[in-house]
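Here are my notes on the model, in numbered points. Have the structure open while you read.

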Amino acid sequence: MECSLRLTTSPPTTSITDTRRSRNYKSRTLQVSAVSYREFINFAIEETKSHTVLVPSPLQEKYRSVIALDGETELQMVSFQAPKIRLLRSLSIENERMQVFDFGVFPKPEFDVPIFCANFFTAASMNIIVLDLNPLHDVTMRRDYKEKYYKSLMPLAVKYAELLPWGGKLTSESLKFFSPMVIWTKFTSSQYKHDILYSAFVDYYKAWLKLIDHAVEETDVTKIMSNREAQHRYLTWRTEKDPGHNVLKKLVGEMLAKELLREFLFHGIDELESKTFLDYFPEYCCEDGNINEKRSIIGKSFENRPWDNEGEFIGGI
């Protein structure tokens, strides 16, 4: 979940004698229970199969299901691969307090197609949403890359930016991994909003599939290595700074949470390159050589959407 926020799985404190508070809490848990992201992953898998030959990833043998420390919550995982797709994977979590959907599709290094990213979190009546085609290369520095993949998609981005408004502060460090069409939003639960979110997910994923369909395999070794390093840099950032780590740690403990991050959610961090987090982001190095736990070193954040309707950056970094 690539945004500047902290997630918690703890329900609000309730009093047995406070019947009004109890009723309110029950209402909130019913709202959470009514939400399910299963249709999202079902659509994505079936739609992908209509475009390419999708086969189970070797990761599927080990990572299918994990029961949380509470003995009740189940973490469900699926993973696939295809001729142009290095890894398609999904993690979903559902219990009475929250729903989580973490879906990502990573192209093979021979293709510079963006990474498809959907991170949805629902707790009580609040939804925290990130949906994007994460750029492999910096869209502020590489205009050619932005023109290639995002120019034709900006009308779609503008449509959903109106329906799902900007969700508030986003750090400048995180922003570098987002595209001009990112949906970063928060909203209270309603069927209307969830229908819009599903529509956005479907439209964005169909758009991504068209990009990967038309992608031509790169043969230039230098460009392939550049794509490989760019994806590894992305994986390294997400593994270290993804706030979803806090949710996983509370559910399954620190050790297994780290394993799921490195070996499943951001698989490839130990295979694509050997560089470390501090190799890519030396500004996070503390005096003792450890990684600064802060998510933002620069300290700048964006309260409003920092791109215009044409995809031009207006945030003034």
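1. Glu74 is partly exposed, at a relative accessible area of 30%; the bands are buried under 20%, exposed over 50% and partly exposed in between, with a 1.4 Å probe and protein chains only. Glu74 belongs to strand β3. Helices (H or I, at least four residues) and strands (E, at least two) are DSSP runs, numbered from the N terminus. Its side chain has a polar contact of 3.4 Å with the side chain of Gln76. A polar contact here is a pair of N or O atoms within 3.5 Å; within protein, one has to be able to donate a hydrogen and the other to accept it, and residues adjacent in sequence count only if both atoms are side-chain atoms. Setting aside residues up to four places away in sequence, Glu74 touches Ser65, Val66, Ile67, Ser92, Ile93 and Glu94, where contact means heavy atoms within 4.5 Å. Glu94 is 20 residues from Glu74 along the chain, and their C-alpha atoms are 7.0 Å apart.

2. Some ground rules before going further. This is a predicted model, in which local features need pLDDT of at least 70 and side-chain atom pairs count only at pLDDT 80 or more, while totals for chains, interfaces and linings use all residues. Residues are numbered from 1 along each chain as its sequence is written, and side-chain values use heavy atoms, with hydrogens and water left out.

3. Now the overall picture. The chain has 10 helices and 8 strands, and 52% of its 317 residues are buried. Of the contacts with a separation of 6 or more, 67% are between residues 24 or more positions apart.

4. Which residues touch the most other members of the largest nonpolar core? They are Phe103, Phe116 and Phe201, in a core of 96 residues. Helix α6 gives the most to this core, with 12 residues. A nonpolar core is a set of buried Ala, Val, Leu, Ile, Met, Phe, Trp, Tyr and Cys residues joined through side-chain atoms within 4.5 Å. Beyond four places in sequence, Phe201 has contacts that include Phe40, Phe43 and Ala44, as well as Phe101, Phe103 and Phe116.

5. Helix α2 (residues 38-49) is worth a look next. Its 12 residues should span 16 Å at 1.5 Å a residue, and its end C-alpha atoms are 17 Å apart, which agrees; the expected span is 1.5 Å times one less than the number of residues. The buried residues of α2 are Phe40, Ile41, Phe43, Ala44, Ile45, Glu47 and Thr48. They pack against β3 (74-81), β4 (85-94), β5 (98-107), β6 (115-123) and α6 (191-214).

6. Arg89 is one to click on. This residue lies in strand β4 and is buried, with a relative accessible area of 1%. A polar atom of the Arg89 side chain lies 2.8 Å from the backbone oxygen of Leu265. Contacts of Arg89 beyond four places in sequence include Asp102, Phe264, Leu265 and Phe266.

7. Apart from neighbours within four places in sequence, Asp203 is in contact with Leu156, Lys159 and Tyr160.

8. Last, a loop residue. Gln60 sits in the loop between β1 (55-56) and β2 (65-67), and counts as buried at 10% relative accessibility. A polar atom of its side chain lies 2.5 Å from the backbone nitrogen of Ser79.
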